[in-house]
Amino acid sequence: MASKPPAYNSSESVSRSTTSRDEVRLMAEEMLRASLTRSPRGSGSTSTTATSSASTSKARSLESELPPSYRRSMPALPSSSRTPMAPNPADLLSRVRNPGSSRPPVVGSESITRESLSRDKASRSITSDAGSSWSSWTSSSASSTATVTAADAKARVRHLQREVEKAQANVSPRSARTGGLFKEACSTDLLFLIDTTSSMYSYIAAAKKQVQSIVSDIKATFFNEAEVRVAVVSYKDHSDNPNVEFLDFTPSAEQVSQFLGRLNAYGGRDTPEDVLGGINQALNASWKQQTKCIIHIADAPPHGAGVLHDLGRMGDDYPSPGSEPHKLTYEPLVKKLIQLKVNYALLRVNSLTDRMALAFGNVYAASSAGVKLLPTNTYYGQVSTGIGSSSIGASALHSGLQFEEMELGITYSHLRHLVVKTVSTSVTRTAGRMSLELSTTPKLSTASGKGKGRGMATDLSSIREDGSSDSSTEPSLESGPPHWDRPGWLDETLVVEGFCPDMVLQTANSLNEMMHSDDNIKLSVTQLTIHARSKPFAAGSVRLASYARTAASTSKFVVKSFKDGSKMLAHIAEDMRIQALCKSFALEFNGLLNIEPPIDFIVTTCLQSKARDGVEADCLSLEPYIDGEYVKYNSNSMFVKEDPLGEPDTFNQIAQAFSHFTFERSWGHFLVNDLQGVGHLLTDPSIQTRDPDRFTLSVTNLGDAGFKFFFAVHECNSFCRKLELRSNREMLVSGALEFRERWPTIEPTVCCSNKLCRSIIRLADSQESTSFPGHHWCSACWPQLQSSTIQWICSAPGPDHEFDLSKFFYESQGQITPRKCPEHTERDKTVSSAAAVGGSLWGRLKAGGPKRSISGRAW
């Protein structure tokens, strides 16, 4: 039995008005008196009972615009109250908000209408900050209060689809953008930088013995599509001859093995060696592949006491930096490696190289590369940017480079494993950088002035966009925490309309239908008023983000916009459909594993500000605000979150299994990755598609290359095995893929009926209200359903009467708050009778009949 909504608890209004309660009460009283004393046009001073009743009705309509706490406290006024000349209520409103103004009253004017009051409120809200006027306000406010009929909504969705098709026609074929991407990213130039003094004999022998296996392993890791070239730089010290020996890049592992066999381990007078001479020779190699790696094997540091080692000046023949015969210093050399996009792996033998690792790591860190020092390093945790742990920061993902220290020790048996791991990590970063370059959208021409932004901010609760932008053009960002409940802090009012996913109930066939066609990912029209902060709190390479709330909800949101107007509504709409499909995958995945809390994706609402004066409207998106620690679990280019040794992260394993599940469940046609978010709530996923014509506007859809990137690094875990997933990397290589055939049906699962929320909830756990049959509410939206309920005066002709109205409900459905009670509201004749009673949704569920399992092949 459905529980009743919780009792109403008065809470601070989301309105940002600075007008005091007393001022509003005074304003309402004067307005009411004015409307009661005015005569209808063309009549004398005598007012009939009918006229008085009409004036009272209009006054009550005006009263209903006020918050309930203000309206309910107004004293009743006698109908006989008269004044010699009735002031214009709009003038009274102006005088209350602007004391001292003396605009003369207009005799005989009609009582203030909803439209004029909305227009007056909006103009003041928008112009409250002269420097941040919102250019999207339409000159005709009547359109903002018009209810969208079902026929209008269908027409708008059809128009959006035409815009999507038009945008897709202008996109180059995916094969032209991503063809050969996997091979290009995985092809590697691998250079061994080896100290070949007498103490390093065993390591030279190990490299010679294992080099062929290393090359074979690298090729096998990347489905034998990678071209691997190997080079060798051998260095000793200045007193040795030859000091440096060099083999340039070659694809022949046999040639490398022969070169290593000719190296003799001897020399080295003092402890430091000519490391810098070896690096200088490495810079002159014929680097060409996208992925470039140096594997540095050494048991002694470079010359440079107090800078590159802690041996003291007495143990160094060239203690001062730059005093060696070649006059080289380390910092310019390392910077040149970074410019070449070379990843650097130092295989640590002992602690003598710890200071060198810190110095080299600091240079890499200064360029926003990732730096990982071993916990056994004396200087662990002292990298200048603070990146010294095993985790890779977001800035490292931007750079695509890494300096990493790895423990080789004195056994050298792990050399092969460490080298292959280093190359895999380097390829991951290269693939990330290359996919980012693919996602860079050219700026559209703004010669006509269209598409220029209004300075409004927008993006995710945390902007996670790889890449960089010109810092000189970046807007100033909000530095402090959000002040959600401070009156006036959300200082921009946006009147927008757009689209949101129309998904509520997940049936046995829902996922199959959505995979079959974009047309089955239903959209609905929404109209909203948003209160946003004019100053963004975060900026990515493409978008800005600002805090926001909607007019009738206490929920927190983020509103997004594009910096340069380079993306249109069609692009945002495709992202929205992708998120809806991901949520459908998640609904089935959760039911199969019965995990709590369920994996979920936030929904995006794509919006467009109202165009004015021929200026093209700006495209926005609205998403729930996510507060907490942001975690990235995988990417569309081989990145996988690594758990600390012995401390597995259960949700990380669930996330990796979810990506694999989407490939298996779709029979190899889809794969959802780029999973990131806070806790179980994920955002901004990518989807890889086998069909080259699906989601072509998504720049993160790499197609077949995306599948290969995932399986090159995916390791099945216990959740993959629990789901009985059969597909694997070996099958992908051979092309003989096998999938699980039958999937059990899950218990009915729903999404919250709030179109701006759509949280996944089990049908048995959802909240229902008899006032809104057929709707299901999550624990966050359920209290707001009743707390926003007020007594509203019906504006229909006839005797005055009130009715209960939940502003939150209508906003949650993307509708304008009605002015009439349900009894007097005209039925939308464009709605089918089945849809009017909700039969369209539940009928399909019942008509399908009970099913015990569904075929993965069926769709």
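Reader: Which residues are in contact with Gln813, leaving aside its neighbours within four places in sequence?

Author: This is a predicted model, in which local features need pLDDT of at least 70 and side-chain atom pairs count only at pLDDT 80 or more, while totals for chains, interfaces and linings use all residues. Residues are numbered from 1 along each chain as its sequence is written, and side-chain values use heavy atoms, with hydrogens and water left out. Contact means heavy atoms within 4.5 Å. On that basis the partners of Gln813 are Val525, Ser753, Lys755, His775 and Trp777.

Reader: Is Gln813 buried or exposed?

Author: Gln813 is found in the loop between α24 and α25 (833-836); helices (H or I, at least four residues) and strands (E, at least two) are DSSP runs, numbered from the N terminus. Buried means under 20% relative accessible area, exposed over 50%, and partly exposed in between (1.4 Å probe, protein chains only). Gln813 has a relative accessibility of 10%, so it counts as buried.

Reader: How are the rings of Trp777 and Phe808 arranged?

Author: Rings of Phe, Tyr and Trp (its six-membered ring) pair if their centres lie within 6.5 Å; planes under 30 degrees apart count as stacked, over 60 as edge-to-face and the rest as tilted. Both Trp777 and Phe808 are buried. Their ring centres are 6.2 Å apart and their planes meet at 50°, so the pair is tilted.

Reader: How many residues apart in sequence are the parts that Phe182 and Phe709 tie together?

Author: A search of the whole structure finds 27 aromatic pairs. Phe182 and Phe709 form a tilted one, at 5.3 Å centre to centre and 55° between the planes. Phe182 lies in helix α9 (residues 181-186) and Phe709 in helix α20 (residues 704-713), so the parts tied together are separated in sequence by 527 residues.

Reader: Which members of the largest nonpolar core touch the most other members?

Author: A nonpolar core is a set of buried Ala, Val, Leu, Ile, Met, Phe, Trp, Tyr and Cys residues joined through side-chain atoms within 4.5 Å. Phe709 is buried, with a relative accessible area of 0%. In the largest core, of 57 residues, those touching the most other members are Leu190, Phe192, Phe222, Ile297 and Phe709.

Reader: Which ring does the charged end of Arg740 sit over?

Author: A charge sits over a ring if NZ of Lys or CZ of Arg is within 6 Å of the ring centre and within 35 degrees of the ring normal. For Arg740, the charged end is 4.5 Å from the centre of the ring of Trp743.
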